[in-house]
Every structure is written in structure tokens, then in C-alpha cells.
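Me: I'd like to learn how to read side-chain packing in a model like this one. Can you walk me through it?

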Amino acid sequence: SLGALVCDLEPGTIPASDPNILEKLKLCPALTEAQQDALNALLLSGDTAYGDPSSWDLQTLQDLGPLVLALNQTTLSLVAEAAREDFRKSIAAAYISQGRSQREQSLILRALAAASAASQPRLQRSADRCQSEPITASNIEDIILYLPHPDDLGQLDLLNQLDLCLSNDVLIENLEAVLDLPITTQASRVLKKKVDEFFQGSIPEEQLKRLGMLSRLYTEQEISQWQVTSSDTLSALLSDTGGEWNDSQVQQLLSRYLALGGSLTGPLLQEIGGKRLCNLQEEQIQQIPAAAIRTAGKLNISSCSQSKKDQLYGKAREAFASLTSTPGLYYCQIQPYLGGAPAEDLKNLASAGVAINMNLSTFLALNPEELQKLSVIDVKHLLGINLPELKKHEQEPLVVSWVQQQSQQELDCVLNIGLQGGRPEPTGTASPAATSTATVTTPVPTTLASVTSTATVTTPVPTTLASVTSTATATSPVPTTPASVTSTATVTTPVPTTPGSITSMTTVPTSATPVPAVTSRATTSTSAGTNPAGTTH
């Protein structure tokens with residue numbers, strides 16, 4: 001058995017080989033032109049299982065399988081016209097059912113061309129009339145006879161014949177049926193030209209819905225002239241069944257729709273998708289109703305600018321405001337839009353009292369500036385069971401920046417996942433002393449002068465954020481004399497750590513006759529653990 005070697009046989013050996021060699025030749029990916037000639041010679045002999053070509057019917061042609069691709073004009077001319085026509089129709093049906101596979105498209109188109117060659121005059125370049133039967137509603141599938149493979153010679157002839165054999169009226173009346181065929185790019189441009197000729201450049205809105213894949217061939221300038229006022233029209237145009245739009249086309253299409261007074265609904269936002277939604281201008285995003293966000297499902301807006309994320313979050317917050325009493329459900333709905341959430345709202349989520357369990361992809365997509373405002377406990381409550389994942393992303397710039405702003409002691413005690421790089425605890429430092437001052441005036445014997453004695457006692461106090469100053473002044477009655485004695489004491493005592501200072505002052509007035517005074521001042525300081533020193537007058 002030759003096996004795969006049969007594909008390398010010399011052409012002259014094929015007619016002399018066993019007729020069963022045809023079954024082996026079916027397995028060859030391609031035959032040379034000389035091998036094809038030898039194959040036709042063997043078939044024309046009639047000494048094969050297929051018999052004389054003049055006796056072939058539809059079944060015979062189907063049994064030949066890929067060998068049909070090698071049949072030449074001489075062999076096919078002997079096949080009955082009815083058999084060739086039935087074969088052409090069966091190939092057309094198979095072609096349609098196979099979809100857009102490029103490999104199968106090439107094989108079937110070549111088979112169709114071969115099968116129909118004997119019944120159709122050879123196409124002539126620059127022909128000005130249809131060289132075969134015109135395409136009508138009854139044989140609309142014949143369009144695929146004019147769909148050349150890019151590698152085929154004479155493809156311009158085929159496309160020219162498609163233009164000539166398919167009238168504009170027949171195309172418009174059967175547009176859906178035509179577009180159900182696996183139309184090639186070259187042929188679709190011919191169809192677009194015929195559509196434009198029929199409508200003379202102004203396509204009615206109802207007809208726009210029917211364009212399907214042809215709509216993708218229109219430029220932004222052409223789209224700017226369309227009458228797209230209905231959400232149904234926009235939805236039909238955006239449908240994936242018509243193929244891929246490019247972003248600039250979608251931008252123009254949406255701009256045209258909004259300019260004509262259209263409103264973006266939830267289903268339309270689904271059709272547009274988050275990525276294309278991000279391509280809208282900010283003033284266009286502002287036109288989106290909150291109700292549309294509520295019914296749009298989850299949209300991926302990760303590619304939006306921060307300002308657009310902020311806009312969409314504001315609309316989502318309004319859309320789902322009624323769910324805030326059930327934090328879990330609220331979070332589920334607003335999660336795609338949290339990239340625009342301010343820190344205050346994130347803190348509210350964290351303190352909602354239920355597990356949010358935010359995933360790390362959502363966490364890392366938060367507004368970087370707002371994330372830095374979150375405390376350690378905020379992050380713990382937001383991430384919930386996903387907190388250990390934060391350790392795996394500790395090298396992310398966003399995480400590094402946040403960690404550096406937190407107390408390392410808090411990171412260790414509250415999170416306990418091994419994050420490093422937080423702020424170290426401050427070492428102990430002395431604070432300004434708290435001062436307590438008391439001024440006492442006591443009676444003295446009648447003298448021509450008074451003596452003022454002041455004592456200041458300072459004791460160490462622990463490190464505090466503030467000091468407390470307490471001042472008391474007491475004046476007691478003295479006999480009417482020309483002199484008085486004034487005593488002032490200042491005492492500094494430890495006070496608890498407070499965020500501010502407290503000053504207390506009490507003054508008791510008395511009458512005294514002011515006279516020239518002699519002042520004596522003494523100051524005594526004591527070390528930690530001693531009592532204030534007394535003052536001697």
C-alpha cells in the first residue's frame with residue numbers, strides 16, 4: 001500500500017494504476033495540475049467504480065467528494081445538466097450551513113465553479129451584462145457563485161458579474177436572505193454600493209435596521225447623516241450578529257443618536273458595553289439616566305478615565321440608593337462602579353456591619369487618592385475573607401503607598417498578614433510642663449512696705465500631648481495698714497494625656513491699701529519623686 005505516497009505519484013502512473021487509486025487520491029490535500037489531468041483521463045475511460053461521466057447523477061458527484069475539485073471542462077461537459085444543477089444546489093446548501101470557515105469556503109467555491117462551468121458561459125473581463133441567469137428571489141443562493149476566494153484569479157470578473165446579475169430591487173427585497181449567506185468582504189462592498197444606489201445616499205431609518213454586516217462598511221462621515229432616533233434602530237445596529245464595529249464608528253453612531261434626542265436605556269448600555277461607554281464624552285455620559293444604570297447589568301468600566309468613573313459611580317449610587325438598607329445586595333450591584341467611589345462611601349461600606357468580601361481586583365481598581373484615606377480597620381472590613389490576598393499584592397504601588405501611611409503596629413495587630421513597611425511607633429519624648437500657679441495674699445503687720453515671696457516647684461511629668469495650667473489667686477482681708485505681704489507659688493504636676501489644655505483660675509478679691517513694696521523671690525525645683533519645697537517669707 002502506497003498510503004500517503006500516492007500523493008507524490010508521477011502523473012503518468014495514475015491512468016495505469018488500479019482504479020481504486022481514486023479513493024486514495026481523495027486523501028491528498030492538493031493535486032498538481034499534471035496529476036489532475038491524469039485523474040480526468042482515468043475518469044473519462046469509464047473504467048472506474050464511477051462509470052462513464054455521462055451516466056453520473058447527483059449521488060455520483062457527491063461520492064467523488066474532493067475529486068470534484070480536479071474535474072476539468074471536458075469531463076464536466078459530459079455530465080447531464082440536471083445532475084450538475086442538483087449538485088450546484090446541494091453544494092450551495094452545504095456552503096451556507098458550514099458558516100465562514102475560510103478553508104471550506106475555498107474548497108466549496110472551487111467545486112461550485114467547476115460544477116457550473118459547463119452550464120455557464122466563461123466570464124469575460126469587463127463584461128457589461130450578466131453572462132448567466134439573473135439572480136432572483138427563487139435562486140438567491142446563487143450569489144455564492146460570485147464569491148471569489150482572495151487567491152482566485154478572475155475575482156474582479158466574478159464581482160462584476162455579481163453586480164450585473166443581482167438587481168438593486170432584488171437585493172433590497174431579499175436583504176435578510178442575502179446577508180444570511182456567508183458573504184465575503186469583497187462581495188459585501190458590492191452589496192453596499194447597490195444599497196446606496198437604491199436609496200440614493202439617504203437610507204430610511206427602518207432600512208438601517210436591516211443593514212447587518214453592511215453597516216460596518218460605512219464611514220464615520222456617512223454614519224453622521226443617518227436618521228437614528230429609535231432605541232430599536234440603535235440596538236439593531238449594535239447587535240453582534242452584524243460583526244465587529246470599530247470604536248470610532250460606535251462613537252459617531254451614539255453621538256448621532258443622542259444628538260437627535262435619543263436616550264440611552266439599560267439594554268442599549270448592554271449593547272454598547274463598558275469599554276465603548278468609556279469612549280463617550282463626559283457630557284454624553286452625563287445624559288445617561290440613573291434608571292438605565294440600574295437595568296444595564298454589570299458593565300466593565302475599568303478602561304474609563306477617573307473623571308468618567310466618578311460620573312458613572314454617581315449615577316450608580318443614585319440608581320441603587322433604595323438598596324442601601326441591605327448592604328450586601330447594594331454592594332453586589334454597585335461593585336462595578338466603585339472605581340469612582342469617594343473614601344467616605346467606602347468607609348460606610350466597611351462599617352455596614354456585614355461582610356463585604358471585596359475581591360482584590362476591585363480593591364486595586366479603587367480611586368488611588370481615595371484608597372489612601374482608608375484606615376487599617378476599613379481595609380480589613382472591606383476585604384473580609386479576601387484579606388490574605390492583600391499580602392500577595394503587597395508590591396503593587398497602590399498597596400505600598402497605603403501601607404507606608406499606616407502604623408506598623410496596627411498592620412501587625414489588626415491585619416496580622418505580614419505586611420511590612422508601615423510607620424514605626426514614636427519613641428518617648430518630653431512634653432512642655434504643666435504649670436499650676438497660686439497667688440495668696442495674707443495679712444501682715446502694719447509696716448511701711450510689703451514683702452512678696454514667690455516659690456516655683458517643678459516636677460517631671462510623663463509624655464503628654466498637652467499641658468494643664470491651673471492658677472489660683474486668693475486675697476484675704478487684712479487690717480487697714482500701709483503695707484501687705486504677697487506670696488505666690490507655682491506648681492507643676494503630672495496631668496493625663498489630653499488633646500488640649502485646661503486652665504483653671506480662681507480669684508477672690510479683697511480690699512487692701514497699696515503701698516510701696518519690697519519684693520523677695522525664691523525658686524526651688526525638686527526632682528521626680530519629691531514634694532514641692534516650702535517657701536519662707
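This is a predicted model: local features need pLDDT of at least 70, side-chain atom pairs count only at pLDDT 80 or more; totals for chains, interfaces and linings use all residues.

Me: Which residues is W402 in contact with, leaving aside its neighbours within four places in sequence?

Reply: W402 is in contact with L371, Q372, L374, S375, V376, V379, L390, L411, L415 and L419.

Me: And how do I read a nonpolar core?

Reply: The general idea is that in soluble globular proteins, nonpolar side chains tend to be buried together. Here the largest nonpolar core has 97 residues. Those with the most contacts inside it are I143, W226, L264, L269, L338, L390 and W402. A second, separate core has 26 residues, including V6, I14, L22 and L71.

Me: What about aromatic rings? How many aromatic pairs are there?

Reply: Rings pair if their centres lie within 6.5 Å, and by this rule the count is two. F198 and F199 have ring centres 4.9 Å apart and planes at 85 degrees; planes over 60 degrees apart count as edge-to-face, so that's what this pair is.

Me: Are F198 and F199 buried or partly exposed?

Reply: F198 is partly exposed, with a relative accessible area of 35%. F199 is buried, at 15%.

Me: Which residues form the other pair?

Reply: Y218 and W226, and that pair is edge-to-face too, at 5.3 Å centre to centre with 65 degrees between the planes. Both Y218 and W226 are buried.

Me: Which residue lies over the face of Y218?

Reply: K192 does, at 4.3 Å from the ring centre.

Terms used. Residues are numbered from 1 along each chain as its sequence is written. Side-chain values use heavy atoms; hydrogens and water are left out. A nonpolar core is a set of buried Ala, Val, Leu, Ile, Met, Phe, Trp, Tyr and Cys residues joined through side-chain atoms within 4.5 Å. Buried means under 20% relative accessible area, exposed over 50%, partly exposed in between (1.4 Å probe, protein chains only). Contact means heavy atoms within 4.5 Å. Rings of Phe, Tyr and Trp (its six-membered ring) pair if their centres lie within 6.5 Å; planes under 30 degrees apart count as stacked, over 60 as edge-to-face and the rest as tilted. A charge sits over a ring if NZ of Lys or CZ of Arg is within 6 Å of the ring centre and within 35 degrees of the ring normal.
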